[in-house]
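User: I would like to go through this model with you. Could we start with the terms and then move to the details?
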Amino acid sequence: MPGSFSPEDYIEFHENPFDDVEKNTKDGESVVVAPWSSNLPEVDVTDIKWHEYQPPAALRRAPHITSQVLVEILYSSIENVRAHAIEEYQKKLEAEEELRKQNDEAKQKIDKGKGKEPYLPIIIQEDKPAHQPRAVVESDATSHHSSVSQTPSISTLESRSKPGKRRMLALRKFFLRSNEKGESSATGSAIESLRRLHVRASSDSSRVDQASGTKTESTEPTEPIECVSCLDDFEPKQMIKAPCHYYCQDCFIRLVTAAVQNEQQWPPKCCLNPIPVQTILRVIPSDLKKTFQDRSQEWDIPIADRIYCGHQRCSLLVKPSSIDPKRRQGSCANNHTTCTICRGPGHKGKDCERDPDMELTNALAEDEGWKRCLNCQALVEHREACQHMTCRCGTQFCYVCGQRWRTCDCTMDQLNAIKTAASTRREQRQFREQVDAEELRQILLQIEEYEREEALKAEMLRQEQERLEEERRQREIEERVRQESIRRRDIELKYEELRTILYQLHDLQLVLLEMDQSEMENELAAETKAVKAELAEKQKVERADEDALMMTKLSDKEYALNREFQIRAAEENDIEEAFLEKLKEYWKDRKDGESEIDAAMLLLRRQMDKGYSSWQKWKKGAMEKFEEKLKEDLTLKEELMYSTKARLDDQCEEKARELARRKASENKWLEMVIVEREKLLNVWEVQEVEGDADSIFDQESDA
């Protein structure tokens, strides 16, 4: 078997090429190097969807790589890892979905087993017209039960269609009403939509009635149908449906007439498809029907098995039922006898001369001296006694001359002479048969001996050719195995060099990846520090602004209150002066007027001082509330600034976690891609080594 040789198969060679391979391997100090991926630390990505991250850019950096094999491996490894990761993730999702479905089904089974109420069917009795007679109702019920017992689906449709018929009748009456004043567009569109629904429901009910066996209007096509022969149009009732097309009656009769006149066109066909006999007999006239039946009986019999009447003026078909297989004769419709052997007229009790079996029997009877009965023509053999013979038909005749008994003068000597001659002919025939058999045996022996000698020569020649071919093949295999060992060694050295280059590339890409990750960490740290410093400075400025704003608002509030008090004090001075004028006018020219005026003014000033004291208290309370409100707003803004800082810290921490996940994903990408590259390189090596291994035996397989 090509490609299945081992070193033990070449122990007869002058030099084993596999020993050379082992020797070269030892001399070259070939050492099996551990895969580069074995030095990578294991990356834990249990809770990370690492395949959703893009592979690191370092994996696509391959400077100074010129080997087409490595270039192909570098680009295909990333796509292979991505496809495998997506496939495994899909399988995981499917497994989780299947587990969830199983849990849901188990919960549903548990819920179903917690005592649900049993289902009780609701029987709705069918509405029946009130004016229907009782007998009719009973007959309908009986027929309904019988139809249910036979075809329940049709009866159910029928019971459902009866209320629908009443609705269809009401809709039809509604549609037939005419509105003399016309109707609005909305009403017309509504009626049109109802009309379409009515037509659709009517068609559905007609199909239900056809399925249930009720009488409905005929749905046969009323359009004229074209005859495929004369191309004229006729009513559907006048057409005859063949397996493929429609024919008018005249064309169909002409088709059948042509078929019964020419056996090549039998049986009548439409597009090479035979027309059913029932269709033909239903349409054609009676005279053509008889001819068709006669041709069917005749042409359905194979041509070699047909027997026609041997009389020249008859030539009718002899039906198989009219043939006697024992007598080998048949009769036609005109009672003419025909021989089934020579196909001529009957031989009137004689044997047919063209019967090969009878010819052999007559030759044997001639040699054996058998005689025929003068009555039934049966052959009779004489065994012993005199020449007086009695046939099975009862006829008595002389065995010597064949005449009726006691009508001749034949003697026993003549009988003995006949038997002696028959015995002599029998011995001569047997001797000839023995001589012929011996000659045939000798000829067969000579042929067998000649064939044996030729087979021996051919076998010796074949063995010699096989020996020479085996020697040549062994020499070729030895040379090819030597070349194969050299080729494999070259491939091994080539892939060792490629593997070294690939491992160096892995070292470089690992360093590049670490540099990229370190740069990303530094960028993230710098960005975090800058953002936090910016936020702290911004919040510091906002606090100073808020403090200044609060002091401004307090000053403005106090100024507004003082301004309001000044306005009120001015109004009170005006009131005091007006009150003083009125007091002076009232106490003018009265006794003790001055003292009364001073007492009234003192009372007024006391009341005004009391109001001023109350206002001072109210002002102090209002300022305190306003200051408290401003402090509450400041506290809220402080909380907002604190929450902003907390969110920024959370964002920075999330970015740090995302960077950690990204680093883990990139490390996983690096691990998986490196493993895939090593596998692809091994596959390429195996394919290149084994790809041309069968070429050693190409010439042998071609031979």
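Analyst: The bend at a residue is the angle between axes fitted to the seven residues ending there and the seven starting there. Helices (H or I, at least four residues) and strands (E, at least two) are DSSP runs, numbered from the N terminus. The model is predicted: local features need pLDDT of at least 70 and side-chain atom pairs count only at pLDDT 80 or more, while totals for chains, interfaces and linings use all residues. Residues are numbered from 1 along each chain as its sequence is written, and side-chain values use heavy atoms, with hydrogens and water left out.

User: Where is the kink in H2 centred?
Analyst: The kink in H2 is centred on Ser76 and amounts to about 25°.

User: What span should H2 have, and what is the distance between its end C-alpha atoms?
Analyst: Helix H2 covers residues 68–112, and its 45 residues should span 66 Å at 1.5 Å a residue. The expected span is 1.5 Å times one less than the number of residues. The end C-alpha atoms of H2 are 66 Å apart, which agrees.

User: Which residues of H2 are buried?
Analyst: Val69, Leu70, Ile73, Leu74, Ser77, Ile78, Val81 and Ala85 are buried in H2. Buried means under 20% relative accessible area, exposed over 50%, and partly exposed in between (1.4 Å probe, protein chains only).

User: And what covers them?
Analyst: The cover over the buried residues of H2 includes helix H10 (412–586) and H11.

User: How many salt bridges does the structure hold?
Analyst: The structure holds 38 salt bridges.

User: Is Arg489 buried or exposed?
Analyst: Arg489 counts as buried because its relative accessibility is 14%.

User: Now H11. What does Glu676 pair with?
Analyst: Glu676 forms a salt bridge with Lys679, and the closest N and O atoms are 3.4 Å apart. Both lie in helix H11, three residues apart, about one turn of the helix. Glu676 is buried, with a relative accessible area of 7%, whereas Lys679 counts as partly exposed at 43%. Elsewhere, salt bridges that share partners join Glu653, Glu654, Arg657, Glu658 and Arg661 into one network.

User: What does Glu666 touch?
Analyst: Glu666 is found in helix H11. Not counting residues up to four places away in sequence, Glu666 touches Pro56, Leu513, Gln517 and Met520; contact means heavy atoms within 4.5 Å. Glu666 counts as buried because its relative accessibility is 5%.

User: And Leu604, which residues is that in contact with?
Analyst: Leaving aside neighbours within four places in sequence, Leu604 is in contact with Glu576 and Phe579. Leu604 and Glu576 are 28 residues apart in sequence, and their C-alpha atoms are 7.9 Å apart in space. Leu604 lies in helix H11, which runs over residues 593–691, and counts as buried at 17% relative accessibility.

User: Changing topic, how many helices and strands are there?
Analyst: The protein has 12 helices and 13 strands. Of its 703 residues, 23% count as buried. Among contacts between residues at least 6 apart in sequence, 58% join residues at least 24 apart.

Methods. Salt bridge = Lys/Arg side-chain N within 4 Å of Asp/Glu carboxyl O.
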